[in-house]
Amino acid sequence: MALDKILEVDSLSVALPPGSDREQAIENIDFSIYSGETLCLVGESGSGKSVTGQAILGMLPGTLKQKSGKVLFQGRPLPDADSLEMQKIRGSEIAMIFQEPQAALNPIQRVGRQVEEVFKVHGQYSKTQSRTRVLDLFDSVGLPNPIQIYRSYPHQLSGGQCQRVVIATALALQPKLLIADEPTTALDVTTQAGILELINELKRSQNAAILFITHDFGVVAEVADHVLVMRDGVSVEAGSRNQIFEHPRNHYTRTLLRSVPDMLPPENLHDRDSELVLRAESVSRIYSKTINWYQSHSFNAVENVSFSLKRGQTLGIVGESGCGKSTLLRCILRLEAVDSGRIFLGDREITHASEQQLQPLRKKIQVVLQDPYTSLNPRQKILNAIAEGPIIHGKEKRDAHLQALALLDSVGLNASSADRYPHEFSGGQRQRICIARALALEPEILLADEAVSALDVSIQAQILDLLRDLQRKFGFAILFVTHDLRVAASLCDELIVMRQGKMVEYGPTADLFRTPQSDYTRSLLHASPGKDIQFSAIALDRSDNALEVSK
Amino acid sequence: MNAQFLLGKIIRSVITLWITVSLAFVLLRLAGDPAEALIPPDAGPEVVEYYRVKWGFDKPIHVQYFKYFGALVRGDFGFSLHTGKPVHDIVFQKVPNTLLLGGTAFLIALFVGIPLGVLAALKRNSLIDRVVMSFSVFAFAMPNFFFGLLLILSAAMIFHTFVGAGELTFWSLILPACTLGLANVGSLARFTRSTVLETLNKPFMAAALAKGVGMSRRIVHHALPNAAIPIVTLLGLSLGGLIAGSVVTETVFGWPGVGSLLIRAVQTRDLGVVQFIVLMVASTMTAVNLMVDLLYLVIDPRIRVK
């Protein structure tokens, strides 16, 4: 099959509104995509990768303006964003897939009709014809029982099913170019694997050109033919997939790649003889959902989970969304009642302890949450946020403040931060503040609930390093909940794999990765994108070392 | 399942009604002796006592309460202490007027407020948006009685029309209806603007754009039905309010409706009439509420029980 140049982007620049932290959202971006090829735009948040996609489709938000550059589609410049011609191209010649599939569908319209709308607005097929065509499309994107899906509303479908509906919509008129903006970021790893496979298959069967926007190098490894790395609106490196993974030329590309944790856990070096700080004995939590006045339906959110955590050890809980990992965490914190089983903090049982009995014990377990933006009180200065806990637990105000300053130093923040408010910090810095706040009470156990999931990969690597360092220094145990096997591999001594409330597997991380016992663990490992690439082995060159030392 | 949902809602409505009516009953009896208020002050104490016994005000309050409720259940709403006529005859006579006024005001709010709000949302930050928003602040900042007087004066000066009390002409309807509708236009426009804006920023609106759906279809088929859900709530509240809350406007314009009747009845402690009006207003409010709940089911599939 001859390769046609489908899209050519020529020194495209988009201006940010005046007063932003930089002048241009993207600056002089160049690339081309040929039919049957996938180009991955990779970068961290704020790199301008999504803006590039929106600029091509003429869908820039009102505050952004294309400043210069050309976008050629099949050799011709694309018409004006507001023109009728462009409206006709959208959805028929160029289609888009979105990040949050459930939100990309109108919640009060049946999904079948939403796909049909493409035919309607582009004047294709009669009503009955388009219905048959939609059912065919559903079938071809691997949706079971198309007739039932056709009649469903988005909330009745899973995230993966919604994304397949969105993909079906995008494919309806066999577009030449498909723009996929983080299409699997909101999905579980096994669902993600299915969607990536589908996109790869479509590239082959439809011979479409695909612009794939992502932050995840694992995903890049699975789908890319070519890669363009972006940073702060500028393209830093472009090349074929192999070139980028094997011989990255740019320092930033190398740093990014090396920040991706490997799927190879280090051998367990933890001292196994230290004292027990937390123990759960067949903990169960049953949720019941009221159907009506006299009937209710119950299911086990957590079922028979047992584990033990020693001083200085890190135990990971991994699983997909809805597997019960967060509920388990809430049970341990006693934010949620335990329906059966027992929980011990040290040698003290806290399963049914009253709030009054728990109060002095609370400081032994501290939490770091997922979203550093919402987990700090925006109207509280950093110093007070960190010192508040110790003061409540009876520490002198002056001592608490001194300790807070020392902690800021331990998490790598300047003492001058103490007097500032959360909004003055970046996401990574805020997560450092949250960690300092948790450590202020000198906890025995740190509970981290997806604590690095919202962070960019380079920041994520820094926070993971910080956690390891602090653990060595202070000796607390970590209970680390995550959906990300790479993060789990790099941090945890032992792992629990959960599924549908049950503990599927529990053991040393290295063993679990090397010889997984359950089919589910195997499928999770298998579904992890880019599992075969060892990112830490990507060579640094001399200039990188020099930079690293100077830092 | 939906029938069960409906039944639950109806039972709750009946309980709400019962509580409202009981509260009104107790409060009105705490407000003073109706016999004394009704009988001219120069009548002797034995006359007052005679009427007190005749109307049953000498009995303990729970006895009066059960008697009143027993009558209600049989469909006997009581009689006016003033005229001796059955209260429902007196009140229902005025209901068409109030409905006419409230209905017109509601239509004004609906057909002016919502389009203004949508327009402001679509032209966000433009001159149109600012004008609409300033108007809406003006509209609900302006007290009813004052705006009513302004309208009467302007009508007299510009159109040389005098709105006389008690007559039903085009002007005598449209002026109070505008007065009553105005505050609702303001809040409705503002609320519509914010919900439409919120909907316009939803990912599914971008998805519709990417599908090649044109502007007007995006708004009519995707934005408005989604924005309608919170708007319906507000409409329900204001519809109930228009029927109950026309007291001030009706008084200013001398409109012969339930509002004016209520004022007179309260002043003269005509308990039967007041109680019946409270019952009626409470019933309308609950009925409108029920309607809004049912409308949600129609608009939003996420609320429907499987």
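## Exercises on a predicted two-chain model

At 43% relative accessibility, B:Lys59 counts as partly exposed. The model is predicted, and each exercise below is worked from its atoms.

**Exercise 1.** Place B:Lys59 in chain B and state how far it lies from B:Ser13 in sequence and in space.

*Solution.* 
Step 1. B:Lys59 belongs to the loop that joins α3 (45–55) to α4 of chain B.
Step 2. The accessibility class follows from the cut-offs: buried is under 20% and exposed is over 50%. The 43% of B:Lys59 falls in between, so the residue is partly exposed.
Step 3. Along the sequence, B:Lys59 and B:Ser13 are 46 residues apart. In space, their C-alpha atoms are 30 Å apart.

**Exercise 2.** Classify the ring pair B:Tyr65 and B:Phe69, and relate the pair to its helix.

*Solution.* 
Step 1. Over all chains, the structure holds 12 aromatic pairs. In the pair of B:Tyr65 and B:Phe69, the ring centres are 5.1 Å apart and the planes make an angle of 50°.
Step 2. Pairing requires centres within 6.5 Å; planes under 30 degrees apart are stacked and those over 60 are edge-to-face. The pair is therefore tilted.
Step 3. Both residues belong to helix α4 (residues 61–73) of chain B; because they are four residues apart there, about one helical turn separates them.
Step 4. B:Tyr65 and B:Phe69 are both buried. They belong to one aromatic cluster, together with B:Phe25, B:Phe66 and B:Tyr68.

**Exercise 3.** Which arginines of chain A sit over a phenylalanine ring, and at what distance from the ring centre?

*Solution.* 
Step 1. A:Arg279 lies over the face of A:Phe344, with 4.3 Å to the ring centre.
Step 2. A:Arg420 has its charged end over the ring of A:Phe425, at 4.7 Å from the centre.

**Exercise 4.** Describe the cavities of 30 Å³ or more: how many are there, and what lines them?

*Solution.* 
Step 1. Searching the whole structure gives two such cavities.
Step 2. The largest cavity has 18 lining residues; nearest its centre are A:Phe98, A:Thr169, B:Ala207, B:Ala208 and B:Lys211.
Step 3. By element, β6 (94–97), α3 (111–121) and α6 (159–171) of chain A and α9 (203–210) of chain B each give at least two residues to this lining. The largest share, four residues, is that of α9(B).
Step 4. By type, the lining of the largest cavity has 12 nonpolar residues, five polar and one charged.
Step 5. The second largest cavity is lined by A:Leu171, A:Pro175, A:Leu178, A:Leu202, A:Gln206 and A:Ala208. Five of these are nonpolar, one is polar and none is charged.

**Exercise 5.** Characterise the second largest pocket by volume, lining and residue type.

*Solution.* 
Step 1. The second largest pocket holds about 1,800 Å³ of space.
Step 2. Its lining has 48 residues, and those nearest the centre are A:Met59, A:Leu60, A:Pro61, A:Gly62 and B:Leu209.
Step 3. Elements that each supply at least two lining residues include α1 (49–57) and β4 (65–73) of chain A, and α5 (87–122) and α9 of chain B.
Step 4. The lining divides into 26 nonpolar, 11 polar and 11 charged residues.

**Exercise 6.** State the domain division of chain B and the separation of its domains.

*Solution.* 
Step 1. Domain 1 spans 2–85 and domain 2 spans 95–256.
Step 2. The C-alpha centres of these domains of chain B are 37 Å apart.

Methods
Residues are numbered from 1 along each chain as its sequence is written. Chains are lettered from A and ligands numbered from 1 in the order in which they are written. This is a predicted model: local features need pLDDT of at least 70, side-chain atom pairs count only at pLDDT 80 or more; totals for chains, interfaces and linings use all residues. Side-chain values use heavy atoms; hydrogens and water are left out. On a 1 Å grid over the protein atoms alone, a cavity is a set of points where a 1.4 Å probe fits but cannot get out, and a pocket is an open set with protein on both sides within 12 Å along at least five of seven lines; lining residues have an atom within 4 Å of a point. Grid points are joined across faces, edges and corners, and a volume is the space filled by probe spheres set on the points. Ala, Val, Leu, Ile, Met, Phe, Trp, Tyr, Cys and Pro count as nonpolar, Asp, Glu, Lys and Arg as charged, and the others, Gly among them, as polar. Domain bounds come from an automatic or database domain assignment. Rings of Phe, Tyr and Trp (its six-membered ring) pair if their centres lie within 6.5 Å; planes under 30 degrees apart count as stacked, over 60 as edge-to-face and the rest as tilted. Buried means under 20% relative accessible area, exposed over 50%, partly exposed in between (1.4 Å probe, protein chains only). A charge sits over a ring if NZ of Lys or CZ of Arg is within 6 Å of the ring centre and within 35 degrees of the ring normal.
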